[in-house]
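Subject: Structure for you, with notes on helices and aromatic rings

Dear colleague,

Here is the structure that I promised to pass on.

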Amino acid sequence: MIINFYYLSIFVILVLINLISFLTIWSDKSRSQRLGAKRIPEGQLFFLASMFGAFGIYAGMLCFRHKTKRWYFLIGIPWLILQNIVFVYSIYAIIEKTPYL
């Protein structure tokens, strides 16, 4: 089976973005336990989630029990996961319909 280069590159990019998002949640959790440490803004976490890192943010939330009591994270991140899925499917549909790729 030959793996299409476009699918493989999209998959690798998504894995890297989600890994960065997961590590960002871990970093913020570790900073939250130290007094006076500079925290990562919540807006930056939502930006990472909207840039296809929602799975990594959500996994980090559950794994490290971080930001799980904030209603906007509990509702917003799953919505961004849905947005990420729809957008990736749209990219897939465009690649499949384009004859010259």
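The notes below cover the helices and then the aromatic rings.

This is a predicted model, in which local features need pLDDT of at least 70 and side-chain atom pairs count only at pLDDT 80 or more, while totals for chains, interfaces and linings use all residues. Residues are numbered from 1 along each chain as its sequence is written, and side-chain values use heavy atoms, with hydrogens and water left out.

Helix α1 covers residues 5-32; helices here are DSSP runs of H or I with at least four residues, numbered from the N terminus. Its buried residues (under 20% relative accessible area with a 1.4 Å probe, protein chains only; exposed is over 50%, partly exposed in between) include Leu14, Asn18 and Ile25, and the buried residues of α1 pack against α2 (42-64) and α3 (71-97), where contact means heavy atoms within 4.5 Å.

A search of the whole structure finds eight aromatic pairs, a pair being rings of Phe, Tyr or Trp (its six-membered ring) with centres within 6.5 Å, called stacked when the planes are under 30 degrees apart, edge-to-face over 60 and tilted for the rest. One of them joins phenylalanine 22 and phenylalanine 64, tilted at 40 degrees with 5.1 Å centre to centre, and this pair links helix α1 to helix α2 across 42 residues. Phenylalanine 22 is partly exposed, at 24% relative accessible area. Phe46, Trp71, Tyr72 and Phe73 form one aromatic cluster.

Best regards

Terms used
Helices (H or I, at least four residues) and strands (E, at least two) are DSSP runs, numbered from the N terminus. The expected span of a helix is 1.5 Å times one less than its number of residues.
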